[in-house]
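Let's take a walk through this model together, going helix by helix.

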Amino acid sequence: MAQLEGYYFSAALSCTFLVSCLLFSAFSRALREPYMDEIFHLPQAQRYCEGRFSLSQWDPMITTLPGLYLVSVGVVKPASWILGWSEHVVCSIGMLRFVNLLFSVGNFYLLYLLFRKVQPRNKVSTD
């Protein structure tokens, strides 16, 4: 039964990733420029991507912590060195949006773990 649960989870995670990729692709094609709050967040993330971390570089319109920017730099920069991507590609709107896609799949996994913690499997007792 536990093996079957693993298959179901793998299928659900794969479907979530596929749907996220399709939505990402559609939005990226339709929205080439920053939209909504991206007008604040993308320039800030690009500054971090360029290595400018000083407080004087911080946009006062942003009220959230810089965690996503730091993770973006921590994930995208090493990948760019390994794959030989240019700085333009690494700090692009599409690449920074793609980091959010990875986070959405990670959130799906975290929700699964939380669900398993809250709803533990029934143990079969042998009398």
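Predicted model: local features only at pLDDT ≥ 70, side-chain atom pairs only at ≥ 80, totals over all residues.

How many residues does α5 have, and how far does α5 reach from its first C-alpha to its last? In it, α5 has 26 residues and reaches 38 Å, close to the 38 Å expected at 1.5 Å a residue. Its buried residues are Ile 93, Met 95, Leu 96, Arg 97, Val 99, Leu 101, Val 105 and Tyr 112. Keep an eye on Ile 93, Leu 96 and Arg 97, which are among these buried residues, as they come back below.

Now for the packing. Two packed helices are described by the angle between their axes and the distance between the axes. Start with helix α3 (residues 67-83), which packs against helix α5 (residues 93-118) at an angle of about 100 degrees, the axes being 10 Å apart. That angle makes α3 roughly perpendicular to α5. On the α3 side, the contact is made by Leu 68, Val 71, Ser 72 and Val 76, and on the α5 side by Met 95, Leu 96, Val 99, Asn 100 and Phe 103. Sort the residues of this contact by class and you get seven nonpolar, two polar and no charged.

The class tally for α2 with α5 is four nonpolar, one polar and two charged residues.

What is buried in α2? Glu 38, Leu 42, Gln 44, Ala 45, Arg 47, Tyr 48 and Cys 49 are. The cover over these buried residues includes α3, α4 (87-90) and α5. After α2 comes Gly 51, with a positive phi near 90 degrees.

Is Glu 33 buried or exposed? With 57% relative accessibility, Glu 33 counts as exposed. Beyond residues up to four places away in sequence, Glu 33 touches Glu 38, Ile 93 and Arg 97. Glu 33 and Gly 94 are 61 residues apart along the chain, yet their C-alpha atoms are separated by 9.8 Å.

Then look at Arg 116, also in helix α5. Arg 116 is partly exposed, at a relative accessible area of 32%. Leaving aside neighbours within four places in sequence, Arg 116 is in contact with Glu 5 and Arg 121. From Arg 116 to Gly 6 it is 110 residues in sequence and 12 Å in space, C-alpha to C-alpha.

Finally, a look at the record. An unreviewed UniProt entry annotates residues 6-27, 62-83 and 95-115 as "transmembrane region". In the model, residues 6-27 are 100% helix and 0% strand, with the end C-alpha atoms 31 Å apart. Residues 62-83 come out at 77% helix and 0% strand, and there the end C-alpha atoms are 32 Å apart.

How values were computed. Residues numbered from 1 in each chain as written. Heavy atoms only, no water. Axes fitted to C-alpha atoms, helices over the stretch in contact; angles between N-to-C directions. Helix = DSSP H or I, 4+ residues; strand = E, 2+ residues; numbered from the N terminus. Parallel < 35°, antiparallel > 145°, perpendicular 65-115°, else oblique. Contact = heavy atoms within 4.5 Å. Nonpolar A, V, L, I, M, F, W, Y, C, P; charged D, E, K, R; others polar. Buried < 20%, exposed > 50% of the residue type's maximum accessible area, 1.4 Å probe, protein only. UniProt positions renumbered as here; feature names shortened; annotations may be inferred. Expected span 1.5 Å × (residues − 1).
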